[in-house]
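Open the model in your viewer and keep the selection tool handy. We will take a short walk through it, one stop at a time.

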Amino acid sequence: MRNALYASAAVIALAAFGTTAAFAQSRDTIQVAGSSTVLPFASIVAEEFGAAFPEFKTPVVGSGGTGGGFSQFCAGVGDNTIDIANASRPIKAGETEACTAAGVTDIREVQFGYDGIVFASAASGPDFALTPIQVYKAIAANVVVDGALVPNPYTSWAEVDASLPDQPIALAVPASNHGTREVFQERVVTAGCEEAGLPEGAPEDACTAFRQDVVVEISGDYTETLARLNSDPNTVGVFGLSFYEQNTDTLKVATVNGVVPSKESVVAGEYPVSRPLFFYVKGQHIGTIPGIEEYVQFFLSEQMAGDGGILEAAGLIPQTAEKTAEILAAFEAGAQ
Amino acid sequence: MTDTLSTTRQASLDRTQRIRAGLRRRHLGETIFRGLGLAAIVLALGFVALLFVDVVRKGVPAFTQSNLHLAVTFDPELLKVDPAPVRDAFASQAEYTAASLKWQRDVAMLNWNKVVEASLRAAAPADVEIDSRQILTIAETDARHDIREMFVADPSLLGQTVEVDVLASANAANWIKGNIDRSLGDAQQQLSAPARALIDAFVENGTISNGFAWSIFTNVDSRAAPASAGLLGAFVGTVWMMLIVIILAVPIGVAAAVYLEEFAPRSRWTDLIEVNINNLAAVPSIVFGLLGAAVFINYLHLPISAPIVGGLVLTLMTLPTIIIATRGALQGVSPALRQAALGMGASRTQMVFHHVLPVTFPSILTATIIGVAQALGETAPLLLIGMKAFVASVPLTPLDQATALPVQIYLWQGNENRNFFEPRTAAAIMVLLAVMILLNGVAIYLRSRLEKRA
């Protein structure tokens, strides 16, 4: 027993030593976090990067939403902060300020392609052909009826517009930690709100206040939205185009403004609810953490994010080669 | 006279009846209580059975994988690359390493998909019509890495044909196993009609066969090649964490309990400490995660996503459990044992370490194993210290990035390819449950064995 005690004491001392030794050791794995939309693409690139570059370790990719990614990214400079933040929207001024305050001054934006946001419902249900104004009218807390702002009276999609199915309104949207939410807000809700023509003197949040009884905010991944649809087949969910494409057996997609969401319609600019995807690189970590530049180049290479590349197979909508070349040049030139 | 007799008889009859009624009531009460107890047990077991049946029913299919047996030709026409550098041609080891790395990168940049496609076409029936993109959806995307690694390991394969087993893609596996409804129309299917037909032809001619999915145990997680996603990385991450928990929590916990129970003077302070330890045991695990993120990562600058931080956080969580259990065990030791030891002239330290602790050993061991099993299944604190990241490598040290088994379940649960990952998630749950049952089994076995000895 006494021997065991001495052994334990030795082990504790050793563990303490190991802990201090860790301070000195510099990280040699690229650390990425952020948008759950970008996560599948970034994970694939990370894996392929590890396989293609034997001298670098496979980067580690975390999620947490675009906002969560930026808050980790802007925590400071050093081994225990992430190197790259994935984002499904451009960085906000407030986030840049937070970054600067923490000493993260060299932020390099890299756009690598597009994603579309789709409205999808259970495959067994009726078809939906939505327009932004219909979605806005279905979910806004207050809507305009006869020129006055009244509490939302609609209970079924058919009441919003006769062309829609007679199905109770229920919409699962991503919560505000997701970049998807912003695109949804901007391209669908705000667009619909403007079209609806609010009366003079309407409160400022008239465009952004949702009815809590029909709108479910999902803070998790799209699988959570899918689970919501499975438990209540009347729900219409907001998904990424790539997620929908992987689950066409259970989901049915709605058209927006009469356009069927697809890679082609997004690239052509016909489908309104699409957005560019980004990742942000901490310039100060280039040179300290090995492989960051190579990772960026590899990510933007034709075999990954290019036309016909691996990411396209995973649902990314590639941007033109000229655009990619421009972005890569800007990245290599340094801080903007 | 007869009157008095009959009243007495009447009275005794009444009494008997009263007693009988009372007895019936008491028996009824007992029957009801027993029935309720039994119902509670049946209900609890029923839920456990439901859970197990559901998980096993979903998970078992994931333990079969679809293999593609291909004859891969390393065609020099497709693989235009300089010969591999030889050590003798270089003056120093460093130059050779640089040249070798450059060569490996050149090899990696070759279009290995062409090689995969050629071997798939070679296996297909002659009259099949399918385009490149469609045919490549049949093999998992890591097939080209497997083949490339074979070539890097043995560059002399150029021009030769080798039999290789690669995995069929996740979508192909879904089609073969019927995870996706086979009657759905083209628009709702993941694979194109020619690819589905070719898969069926491959199953027919034996190119595709099903086998036990060793890949679950031997591979790390993968998103690029979902069919090859395995638990090895998460398992090793969990093992590292549990080692740290055992190494730190057991000695510290037992020492703390022994000191508090045997040496510390009874005072307000020790009472306060005792109350706080009990409180700590009830603190939700996510709070420990926040603490870990603040102290170990932000203040001590330990690496994020590393098992060492996870291990330390879980140690904090497990400590109260071990301290409380050890104190309980120490309190249970008969005073006669202590007095006998002291009476024979042993010091208090000798009394504790020679006589008291050995008796409590089985209880401490059980408490440790149960504490570790609890820590094994803990997920919430790990999410907060970055251990839910996607890690595609096996952590070689506790300082490397890793995930853990329960976190892997969480990650797979969120994967986009629902048809493939729902069974995989259940399979991961089965592995985790198996490890837990094993640990608890060991605890029970050791306890009964050691108690007999003691």
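How many residue pairs are in polar contact between chain A and chain B, counting those with both at pLDDT 80 or more? The count is 19 residue pairs. Please keep in mind on this tour that the model is predicted.

**Stop 1: the interface as a whole**

The size of an interface is often given as the accessible area lost when the parts come together. Here the area buried between chain A and chain B is about 4200 Å², and carbon and sulfur atoms give 59% of that area.

**Stop 2: salt bridges across the boundary**

Three salt bridges are found across the interface of chain A and chain B. To see a salt bridge up close, select A:E55 and B:R105 and show their side chains: their closest N and O atoms are 2.1 Å apart.

**Stop 3: the chain A side**

**Stop 4: a helix pair between the chains**

Bring chain B back and select helix α2 (residues 39-52) of chain A together with helix α5 (residues 143-153) of chain B. The two pack at an angle of about 10°, with axes 11 Å apart, which means that α2(A) is roughly parallel to α5(B). Show side chains where they meet: A:E48, A:A51 and A:A52 from α2(A), and B:R144, B:H145 and B:R148 from α5(B). This contact is made up of two nonpolar residues, one polar and three charged.

**Stop 5: a helix pair within chain B**

Finally, select helix α9 (residues 232-263) and helix α16 (residues 405-413), both of chain B. Their axes cross at roughly 145° and come within 8 Å. On α9(B), highlight B:A234, B:F235 and B:T238, which meet B:L405, B:P406 and B:Q408 in α16(B). What classes do the residues of this contact divide into? The contact of α9(B) with α16(B) has four nonpolar residues, two polar and no charged.

Note on methods: Residues numbered from 1 in each chain as written. Chains lettered and ligands numbered in written order. Predicted model: local features only at pLDDT ≥ 70, side-chain atom pairs only at ≥ 80, totals over all residues. Heavy atoms only, no water. Axes fitted to C-alpha atoms, helices over the stretch in contact; angles between N-to-C directions. Helix = DSSP H or I, 4+ residues; strand = E, 2+ residues; numbered from the N terminus. Parallel < 35°, antiparallel > 145°, perpendicular 65-115°, else oblique. Contact = heavy atoms within 4.5 Å. Nonpolar A, V, L, I, M, F, W, Y, C, P; charged D, E, K, R; others polar. Buried area = accessible area lost by both parts, 1.4 Å probe. Salt bridge = Lys/Arg side-chain N within 4 Å of Asp/Glu carboxyl O. Polar contact = N/O pair within 3.5 Å; in protein donor to acceptor, adjacent residues only side chain to side chain.
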